[in-house]
Amino acid sequence: MLCCSILFLPTGNLAAVAPTADKPEATVQKAGTAESKPFVYEMANRPDPFMPFITEKTTDQGTVDPNEIVEKKEALTGMQIFEPGQLSLVALLDTEGQKYAMVQDFTGKGYIITEGTKIGKRGVVKIIEPNKVLIEETAETRAGKKIVTYIDMILKKEGEK
């Protein structure tokens with residue numbers, strides 16, 4: 001009669017199993033030993049686990065610049081259809097604390113503006129002074145940073161260009 005003998009080590013781990021007549025020889029291995037198979041990650045139809053979930057938006061030309069100025073999509077009305085460079089200052093008027101300025105487009109058509117009048121996509125008339133009009137343009141970048149620029153429209157004297 002064949003019998004099976006099991007040898008226990010003092011640590012309590014199974015060391016070896018002796019073969020029996022009706023069962024083939026078997027050995028027990030610990031996980032992580034040199035004979036165990038290494039884990040292989042299958043990339044087929046799976047995202048890369050080392051890529052960030054949030055990435056910069058890309059366009060046909062490449063990545064998006066966070067310092068690029070974002071244009072707001074709103075209908076332009078009144079003086080907003082003209083950029084300050086398309087207008088020339090032709091007259092200034094100060095009556096009882098109310099200040100007016102007259103500007104002219106390239107066709108010679110005149111328009112009256114006051115402080116607070118919107119000009120162009122981003123401009124607002126800030127101050128009307130005795131010889132000039134100060135326009136403040138505020139732009140916003142993709143990163144949320146505000147960029148403020150000032151444009152002076154200077155009243156030219158007769159005969160000046």
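I started with the largest nonpolar core, which has 14 residues. M79, V103, I113 and V133 have the most contacts inside it. Strands β6 (98-104), β7 (110-113), β9 (123-128) and β10 (132-140) each supply at least two residues of this core. I keep in mind that this is a predicted model.

Next I looked up M79. Leaving aside neighbours within four places in sequence, I found M79 in contact with L87, V103, Y111, I113, T117, K118, I119 and G120.

Then I turned to salt bridges. The count comes to five. R142 and E68 meet through their side chains at 3.2 Å, N to O. R142 sits in the loop between β10 and β11 (146-154), E68 in the loop between β4 (62-63) and β5 (88-95), and the two are 74 residues apart. I noted R142 as partly exposed, at 47% relative accessible area. E68 is partly exposed too, at 36%.

R122 forms a salt bridge with E71, with the closest N and O atoms 2.8 Å apart. R122 lies in the loop between β8 (118-119) and β9, and E71 in the loop between β4 and β5, so this pair ties together parts 51 residues apart in sequence.

I also checked E136 and K126, whose side chains meet in a salt bridge at 3.8 Å, N to O. E136 is in strand β10 and K126 in strand β9, ten residues apart. E136 counts as buried because its relative accessibility is 17%, under the 20% cut-off. K126, at 40%, counts as partly exposed. Salt bridges that share partners join E129, K132 and D152 into one network.

F39, Y41 and M43 make a nonpolar patch of about 360 Å². M43 lies in the loop between β2 (14-17) and β3 (58-59).

Note on methods: Residues are numbered from 1 along each chain as its sequence is written. This is a predicted model: local features need pLDDT of at least 70, side-chain atom pairs count only at pLDDT 80 or more; totals for chains, interfaces and linings use all residues. Side-chain values use heavy atoms; hydrogens and water are left out. Patches are made of residues with over 30% relative accessible area and no salt bridge: like charges are joined within 9 Å, nonpolar side chains (Val, Leu, Ile, Met, Phe, Trp, Tyr) within 5 Å. Accessible areas come from the Shrake-Rupley method with a 1.4 Å probe; for residues, only the protein chains shown count as cover. A salt bridge is a side-chain nitrogen of Lys or Arg within 4 Å of a carboxyl oxygen of Asp or Glu. Helices (H or I, at least four residues) and strands (E, at least two) are DSSP runs, numbered from the N terminus. A nonpolar core is a set of buried Ala, Val, Leu, Ile, Met, Phe, Trp, Tyr and Cys residues joined through side-chain atoms within 4.5 Å. Buried means under 20% relative accessible area, exposed over 50%, partly exposed in between (1.4 Å probe, protein chains only). Contact means heavy atoms within 4.5 Å.
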